[in-house]
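I opened the model and kept notes as I went. The entries below follow the order in which I looked things up.

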Amino acid sequence: MHIISSYFFTLLRKILFLWVRTDVIGNDASKLGLDPARPVVYVLQHKSLSSRLVLEQEILKAGMPSSQAALHLGSETLRRSHFFLYQKRGRTFRKRPSPTISDRLRRLIEASHTNELDVQVVPVTLYWGRAPEKEKSLFKLLLTDAWSVGGRLKQLFVILVHGKNVFLQFSKPVSLSHILEGSPDTARATRKTARLLRVHFRLMRQAVVGPDLSHRRTLVSRLIRMPEVELAIEREMRTAKIDREKATLRAKKYAEEIASNVSIGAVQFLDIVLSWVWNKIYNGVAVNNIEAVKDVAQKGSVIYVPCHRSHIDYLLLSYVLYNNGLMVPHIAAGINLNMPVLGSLLRRGGAFFMRRTFKSNQLYAAVFTEYMHSMFVKGFPVEYFVEGGRSRTGRTLAPKAGMVAMTVRSYLREPKKELIFVPVYVGYEKILEAGSYLGELRGKKKQQESLFSVFKSIKNLRNTFGQVSVNFGQPMYLSQILNEHRPDWREQPLQATDRPNWLKPVVDDVADRIVVGINAAAALNPVNILSTFLLATPRQSIDATILVRQSELLVGLLRACPYSAEMTCPDVDGPRWIDYLVEMGLVEIRPQKLGDIVQLDARNAILLTYYRNNILHLLALPGLIATFFQHENELKSERLHWMMSSIYPYIRSELFLRWSEDELPARVDAWLAALIDAGMLSSSGDVYHAPPPGSLQAVCLQSLARSILPTLERYYTVIAILRRHGSGRLTDLELEERSTAMAERMSILYGLNAPEFFDKTLFRNFIHTLRSQRVVSHNEEGFIVYNRKLDRIADEARFVLDSDLRQSIIEVAEDQVTHRSGSASGAGAAA
C-alpha cells in the first residue's frame, strides 16, 4: 500500500509541475547548516497536498533529505519527515486554518526526549503568488480562507491563478534539543515549539508579504477623514475662501496624486522586464549583507535609504529585495516621474509620488504627512532618498532631513512598530546617465529628469555597463537613537503638529547617521580603483605595469585596514582590470616599446572623477597622511597627529566619515601601521619617514595624496580670501561666491579635471564647519569675523600644498580685494 501511495504522490508531483513554477531561496544544506548525521524534519505552515508536492520537488532538486522518507527516532518511527503547524477545522464548507499541536509534532518531541536525539526542524515558508491581501477587495474575498467554498476547490483556484509564481523559502533549522533543555516535560516542550514556529511564520509573512493593503479608494477616503487633514481642510476653506465640498475635493485629489496602488501582477511584470534589462546591460548584480536585512525585516518597519546615483536606483533595489524573498517597498518618487503609462506602472510597482516642495501648501502637506504616517503605523517597508536629488559628482550628498523629520515625528506620535533605517550603497561601474551628467559637469543646463531619458541613453551607449553592487549597511533602530538623545521620549507623546526644541537635533543626527551608514557600505571595483591612480597622474597617462602594481597595493591596504565591515573589495587582478576598462570604453592602451601606456581622453578624464569620488571617503585618512609627506621627508608622531586632528573635522563633515574626533587617534595609528607594512612609510622611534623617491611606494603615496589634495586646496582658497579681505568685511554669501569664482579660475589654470572643485555647496559646508569649530563667527552686522586659529591653519598649509599653487591663490585673492576696492571707489565717485 505504501508503494502505491508513493507512486501516486510522485505522479501527482510531476503533473503539478507541468504548470507550477517556483522561486526558491535557502535550499542549500551547507548554508542552512544542516548536519547530515542528525535527523531532519520539515514544517509547513498550512496543511495542503499541493504544498507537500512543491516541498518534495524542491528538496529533491537541491539534494536535501526527502520530506517523504520515514523518520527513525530510536524505537519510534514517523511515516513522513514533515508536519504542518496549521490544520483546517470546522464543517466541510466552513473550514478555517487554526494552530494545532499535531500528533506528529507531539510524537516527534516525545521520541526526541526519550532517545536524546537532536532533531533539526527546518521551517519552510510557502506562498502562492506572494500577493499582499487587499482590505475590502474581491481578490481577498475569493482566495482567502474565509471563503465559504471548501479548501480543496479553493486550492485548485489558487494553483490555477498563482501556479506560475510560487515562492518557497527554507529557514535555518531549529534544534529540538535546545528547546528541550529549558522544558521539564514533553507537553511544555511541544507547546513551546509550536509557539516558536507560529511566531516565525508570522514574522516571515511580515517580511515577505507585508501587512494587508488597503484598497486605494478605501485608503483615500480614510486619509481625508483623518483629524489633521480635516483641520487642514478647514484652513483651506478660510484661506482660499471656498466651501467644504471644494476643499474636500482638493484634499482627495492630492491623496489620489500621492498614493501608490501596489499590484502583484505589476511587480511580477517588472521583475521579468528588469531581469532581462540587468542581464542585457550589466555583468550581474552583486548583493552584500542581505541577511542583516532579512533579520530586521521580521522585527519592525524597514525604511530603506539608498544613495541616489541613477534613476535605476528606484528599480534596482525593489528587484534585489523581491528576488531575495522580501516585500517590495513603497518608494517615494518625484512627481516628475508621474507620466502617462509609466507613472501608472511605477505606482503599481510601489511608487508613491511627492512634489518637490509643499511648504506653502498646508493642505497637501497634511495629506502627505498622514499618508506617510499610515504607511509607518501599518508596518509597510518604505524607501526614500535622503540626499533628495541624484548626485552628479559621485559623492554622497548632504542629507535633506525633510522625509527623516516626517518619519521621526510619525514614530513619536505612535511608536507601535519599531522603525529601522537600512542604509543602502549602490555602486555602479558605469552610470547609465553618464552622457547627461558629463554635459552638466561641463556647465550644460540640467536635463529634465525622466526614465525615458535613461532608456534612451541605453540605446545610444553600446558598451557594457559592468557590474552593479548593492551593499546593505548596518541597520539603525530609531528607538535606540531616541534613547540616546531623550531617554524619556516615550513619556512625552507628540501630536502631529508638535515641534519640541529637542526634535531638530535628533532629526539631524538620524540624517547624518544615514549618510555615514551609506558610505560605510561602499563597494570598491576596478573602475573606481584605477580611476584613483589615473587621475592622480599629471597627464592622465601611466605605465600599465605601474598601474597594476599600484592598484593591487591599494586593495591590499584597504583589506589590511578596512573602512568598515560592510565595505566590499574585488578579487585582485590588475591586468584583467585594465582590459575590463578598455572593453567599457573608459581607457585606451597605447603600445610602446618599453611597455604599454594606459591613458584617458579629455571626456573620460572628467567622467572618471565621478567614479573616483564614489570611494574618496575610503581614502581620506591615508590620503591625508600621504599629503604630509609630499614636502617633508620625516615627521614626528605628535606633530602628525596634531595636523590630522586639525584638518579632520572639515574632511569628516564633507565626506561623512564614520569616526568621531575621539576615535581618530586610534584610527590614524592603524593606518600608519598599515602603510609601514606596505612599505609606504617607515619609522624609527616616534618619527615616521617617507619612502625613497622614485620607488613604487613613493609613487603610490603621492597618488593617495593627490586624491585628497583638491579638497585641501579648496579649503585654503576660502581661508586666503577671508584673510586678504580682512575680518568683518565679508558675509557668508560673498565669501561663498568669491571662493567659487576663484576655484573655477584655478581649475582652468592648473587643469584640475574635478568639477566638484568649484561646487558651491562644498564651499558652503566648509564655511559652516569653520563656524561650528569656532574658527569664525558673525558680528552684529552679519559679517564674518575670525580669530587666530585661522592664521594658524593658513600657516600649516605650507606642509601640505604646493608653494606655487599657494602663491597663485594669494595673488588671485589680492586681485579680488583690489577689484572690490576699485568698484567701491568708482561707485563713490559716481555718487
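**Entry 1: strand 9 and its partners**

I began with strand 7 (residues 120-128) and strand 9, which run antiparallel and are joined by five bridges. The model is predicted, so I noted the limits: local features need pLDDT of at least 70, side-chain atom pairs count only at pLDDT 80 or more, and totals for chains, interfaces and linings use all residues. Residues are numbered from 1 along each chain as its sequence is written, and side-chain values use heavy atoms, with hydrogens and water left out.

For my own use I wrote down two terms. Helices (H or I, at least four residues) and strands (E, at least two) are DSSP runs, numbered from the N terminus. Two strands pair if DSSP finds at least two bridges between them.

In strand 9, Gln169 stands opposite Thr125. Gln169 also stands opposite Ile25. Strand 1 (residues 22-25) pairs with strand 9 in the parallel sense, over four bridges.

Is strand 9 buried or exposed? Five of the five residues of strand 9 (residues 166-170) are buried, so the rest of the structure largely encloses it. Buried means under 20% relative accessible area, exposed over 50%, and partly exposed in between (1.4 Å probe, protein chains only).

**Entry 2: strand 13**

I went on to strand 13 (residues 301-306). Six of its six residues are buried, so this strand too is largely enclosed by the rest of the structure. Ser301, Ile303 and Val305 point one way, and Val302, Tyr304 and Pro306 point the other way.

Which strands pair with strand 13? Strand 17 (residues 419-428) runs parallel to strand 13 and is joined to it by six bridges. Strand 16 (residues 382-383) also pairs with strand 13 in the parallel sense, over two bridges. Ile303 has a partner in each: Phe421 in strand 17 and Val382 in strand 16.

**Entry 3: strands 14 and 15**

Strand 14 (residues 330-334) and strand 15 are parallel and pair over four bridges. Ala332 has Phe352 of strand 15 as its bridge partner. Between the two strands the chain passes through helix 15 (residues 342-348), and this β-α-β crossover is right-handed. Right-handed here means that, with the strands pointing away from the viewer, the path from the first strand over the helix to the second runs clockwise.

I also looked at the faces of strand 15 (residues 351-354). Ala351 and Phe353 are on one side, Phe352 and Met354 on the other, and all are buried.

**Entry 4: the largest cavity**

I counted cavities next. The structure holds ten of 30 Å³ or more, and the largest has a volume of about 210 Å³. On a 1 Å grid over the protein atoms alone, a cavity is a set of points where a 1.4 Å probe fits but cannot get out, and lining residues have an atom within 4 Å of a point. Grid points are joined across faces, edges and corners, and a volume is the space filled by probe spheres set on the points.

The largest cavity is lined by 18 residues, of which Leu270, Leu315, Ser318, Ile331 and Gly349 are the closest to its centre. Helix 12 (264-281), helix 14 (312-322) and strand 14 each give two or more residues to the lining. Helix 14 gives the most, with five residues.

The lining divides into 14 nonpolar residues, three polar and one charged. Ala, Val, Leu, Ile, Met, Phe, Trp, Tyr, Cys and Pro count as nonpolar, Asp, Glu, Lys and Arg as charged, and the others, Gly among them, as polar.

**Entry 5: salt bridges**

How many salt bridges does the structure hold? I found 18. The term covers a side-chain nitrogen of Lys or Arg within 4 Å of a carboxyl oxygen of Asp or Glu.

I looked up Glu736 and Arg764, whose side chains meet in a salt bridge (2.9 Å, N to O). Glu736 lies in helix 30 (residues 732-750) and Arg764 in helix 31 (residues 760-772), so the pair ties together parts that are 28 residues apart in sequence. Glu736 is buried, at 7% relative accessibility, whereas Arg764 is partly exposed at 42%.

Arg513 and Asp509 form another salt bridge (3.0 Å, N to O). They are four residues apart in helix 21 (residues 503-520), so about one helical turn separates them.

Note on methods
On a 1 Å grid over the protein atoms alone, a cavity is a set of points where a 1.4 Å probe fits but cannot get out, and a pocket is an open set with protein on both sides within 12 Å along at least five of seven lines; lining residues have an atom within 4 Å of a point.
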